[in-house]
Amino acid sequence: MKLTGLHLLLTYQCTFECDHCFVWGSPWQCGTMTLADIRDFLQQAQEAGTVTSIYFEGGEPFLYYPILHKGVEMAREMGFSAGIVSNSYWATSLEDAIEWLQPFADLISDLSVSSDLYHFSEEISQQAQNAQKAAEQLGIPIGYISVAQPEAVDAPSTAGQLPAEAGVMYRGRAAEKLVPRATLQPWDRFDTCPYEDLREPGRVHLDPSGYIHICQGISLGNLFRTSLKEICETYVPETHPIVGPLLSGGPVALVQQYALPHSEQYADACHLCYESRQALRERFPEILGPDQVYGVGLP
């Protein structure tokens, strides 16, 4: 597995509790990287030999502003390009947005701002507009990430990194909050994983507990126990207890291999996969974790 991108989930905490959130971001979430953690992870990315870009995400990474800024500085000093994904809660005015972004002007090559009806009362919020104007003045490339409502059945699906617009993927909080509004389909249609390249993902997510997620909630290992280089070199997708079945026949194969109970209809492949993984967590606690990604412990 040759990774080019490493996306650091700097924290699971967030100013919002969006219904579509993959990782159950919330003000009540726990788990945040320290500077020592970030330094270790960046060194491992460098030793892996193929990683070229580092993204800082969450949750909401701007909640830990000094750590975010220092982390971006370290990434750039080590030769990586750097980007940030944020909900722009901090851009309360253009002047304020400039103040928040100024320290990143010569450091990041991308700022992705989430703005849709899950975050604000309008699809493109005033905060997002302030962030865009500030970024443009500072010469920071910026783009929006917008996820459609469940009723928008014609919204484009996506693979890997989210594009500017995308339909809901029913995993994480969406599997509990948004399914009642979705158009359900027979469970046995979901015989492929349409959203992730499980053999050569290109990029993975790394959380504060050290877990490498090939998809949120499916771990390939933990960087506090095994190096990123070793994980990449020894990854055999066909023998992974969760990835293997998904490759052979999607979430349907996961259900069949482990004889899991299931409903007759689901919102999408993610929905069936997420529910199946929930049922398998006790059997594969080190692979299907951590608790934060499954909403455990939240009020």
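Two worked exercises on a predicted model follow.

Residues are numbered from 1 along each chain as its sequence is written. In this predicted model, local features need pLDDT of at least 70, side-chain atom pairs count only at pLDDT 80 or more, and totals for chains, interfaces and linings use all residues, while side-chain values use heavy atoms, with hydrogens and water left out.

**Exercise 1.** Describe the protein chain as a whole, stating how many helices and strands it has.

*Solution.* Begin with the elements: the protein chain has eight helices and eleven strands, where helices (H or I, at least four residues) and strands (E, at least two) are DSSP runs, numbered from the N terminus. Next, the radius of gyration of the protein chain is 19 Å, close to the 19 Å that the globule rule gives for 299 residues, so the chain is as compact as a globular protein of that length; the radius is taken over C-alpha atoms, and the rule is 2.2 Å times the number of residues to the power 0.38. Finally, the C-alpha atoms fill a box of roughly 55 × 45 × 30 Å along the principal axes.

**Exercise 2.** Work out how helix 7 and helix 8 are arranged, and which residues make the contact.

*Solution.* First, the axes (lines fitted to C-alpha atoms over the stretch in contact, with angles from 0 to 180 degrees between N-to-C directions) of helix 7 (residues 243–257) and helix 8 (residues 269–280) come within 8 Å and cross at roughly 70°. Helix 7 and helix 8 are therefore roughly perpendicular to each other, a word that covers 65 to 115 degrees. The contact (heavy atoms within 4.5 Å) involves Leu246, Pro251, Val252, Leu254 and Val255 of helix 7, and Ala269, Leu272, Cys273, Ser276, Arg277 and Leu280 of helix 8.

Terms used
Parallel < 35°, antiparallel > 145°, perpendicular 65-115°, else oblique.
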